[in-house]
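Welcome! Here is a short tour for anyone meeting this structure for the first time. Take a moment to look it over before reading on.

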Amino acid sequence: MSYNPIKVLHVFGGMNRGGAETLIMNVYRNINREKFHFDFAVGTMEKCDYDDEIISLGGNIYHLSEKGGHDVRIYYNNLNQLLRSNKYDVIHSHIHYFSGVTLLIGRINKVPIRIAHSHSTSDGKSDSWKRILYRWIMRKSILCNATHLVGCSKEACEALYGPNCWNDVRTQVIANGIDLSVFEKVCNDKNSLREEIDLPKDVPLIIHVGRFAKPKNHVFLIEIFNEFLKECSNAHLVLVGDGPLKDEIVHLAVEKGIESNIHFLGVRSDIPKILSAGDIFLFPSLYEGIPLVLVEAQAACLPCLVSEAINKKEVDMGLGLIYSLSLKDNISLWVKQLKRLLLIRRPSKDEAHKKIRERGYSIDSAVQKLSHIYASARN
């Protein structure tokens, strides 16, 4: 590492395999690590999926909360002390409205570049008067203390910074870039995953990758698959991820008597391989920003059926792979569309990757844009 790299502190809830975390790890792997040094401040005491890799790449992980606690004062004091003892050039906050707190502390400690980064179109909380007041206060704090207002999409920017954010020169979209080289190395092999979970080679395989949490709408996903099985009895569903609602979804599968057709693979590091093995990607989310995994699914040339809660215009790479339905549509329409997607023409990998690069969703584009912002700390 060079003598004086630009020091960047990323702030997350924890470094598990979510879309925002995966994006920043893709950036970390591909950025010039002699010029930029990454550390991570997290709001959990638990070990997370990416912790070991962060350490191996030369980064540090700082825990801002005490064990089992959610005391904002402790969080504030620990982050304040961290910024005092480590002179960072950049604080890059990924924790939605709570970025109002982290960026305020960053400004108090004279961190030159303070980035708020919106990765979603909602905080997932109900509209109580306390929550509305909290959002108002946090948005004001973000707008007062950020030097850059970044989002994964136009909708994600407007959700966090307000509908008038485009009048602010600090606002910009940085697409959720993926590392296409990883997908280029994965062969179009549909058999390895089927062999792993002991399935015949010709069975229809539906894939879903996402945390078992309310936004991903797993209950509706199971309802769709249950109806699909009535018309395509040899189909199987692969669910990748973990989360607080996993046990509930396992129980629902057993309750419906379809557990033998559903495979819970847990957290995986080989997402390109899994996506490349599938026939359809099913993603009926309640809300999203620009899901990184949908860009990855298109990189694997996988047809995707998504909810209209996802901005099709921004996530569609122009490959004819993204189809959307309303969550209000009858499940029979979802089943009919799944059957159609089993028959559509899929583009070649070269064609897919060319389109993804043209749309600015390769990791190279994200690295270039973030590097430019980070480097401005020394200008």
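## A buried charged pair

Glutamate 288 and lysine 216 are both buried. Keep in mind throughout that this is a predicted model. Side chains of opposite charge can pair when their charged atoms come close. Here, the side chains of glutamate 288 and lysine 216 meet in a salt bridge, at 2.6 Å from N to O. Glutamate 288 sits in the loop between β11 and α12 (292-299), while lysine 216 sits in the loop between β8 (205-209) and α9 (218-229), so the pair ties together parts that are 72 residues apart in sequence.

How many salt bridges does the structure hold? There are 20. One of them joins the side chains of arginine 194 and aspartate 279, with 3.0 Å from N to O. Because arginine 194 belongs to helix α8 (residues 191-196) and aspartate 279 to the loop between α11 (271-277) and β11 (280-283), this pair ties together parts that are 85 residues apart in sequence. Both arginine 194 and aspartate 279 are buried.

Another salt bridge runs between lysine 256 and glutamate 223, whose closest N and O atoms are 3.4 Å apart. This pair links distant parts of the chain, with lysine 256 in helix α10 (residues 246-256) and glutamate 223 in helix α9, 33 residues apart. Are these two residues buried or partly exposed? Lysine 256 has 29% relative accessibility, so it counts as partly exposed. Glutamate 223 counts as partly exposed too, at 25% relative accessibility. Elsewhere, a network of salt bridges links Asp123, Asp127, Arg131 and Arg135.

Let us follow some of the pairings. Strand β9 (residues 236-240) pairs with β8 in the parallel sense over 5 bridges, and isoleucine 206 stands opposite leucine 237 in β9. β9 is also joined to β10 by 4 bridges, again running parallel. There, leucine 237 has isoleucine 262 of β10 as its bridge partner. As for β10, 4 of its 5 residues are buried, so this strand is largely enclosed by the rest of the structure.

Strand β1 (residues 6-12) and strand β2 (residues 36-42) run parallel and are joined by 7 bridges.

## A closer look at histidine 117

Histidine 117 is part of strand β5 (residues 113-118). With a relative accessible area of 1%, histidine 117 is buried. What is histidine 117 in contact with, leaving aside its neighbours within four places in sequence? The contacts are Leu23, His92, Ser93, His94, Val150, Gly151, Cys152 and Tyr161. Threonine 44 is 73 residues from histidine 117 in sequence, and the two are 19 Å apart in space, C-alpha to C-alpha.

## A nonpolar patch on the surface

Our last stop is the surface. Trp129, Leu133, Trp136 and Ile137 form a nonpolar patch there, and together they have about 490 Å² of accessible area. Isoleucine 137, one of these residues, is found in helix α5 (residues 129-145). Isoleucine 137 has a relative accessible area of 39%, so it is partly exposed.

Conventions: Residues numbered from 1 in each chain as written. Predicted model: local features only at pLDDT ≥ 70, side-chain atom pairs only at ≥ 80, totals over all residues. Heavy atoms only, no water. Patch = residues over 30% accessible without salt bridge, like charges linked within 9 Å, V, L, I, M, F, W, Y side chains within 5 Å. Areas by Shrake-Rupley, 256 points an atom, 1.4 Å probe, with all protein chains shown as cover. Salt bridge = Lys/Arg side-chain N within 4 Å of Asp/Glu carboxyl O. Helix = DSSP H or I, 4+ residues; strand = E, 2+ residues; numbered from the N terminus. Buried < 20%, exposed > 50% of the residue type's maximum accessible area, 1.4 Å probe, protein only. Pairing = 2+ DSSP bridges. Contact = heavy atoms within 4.5 Å.
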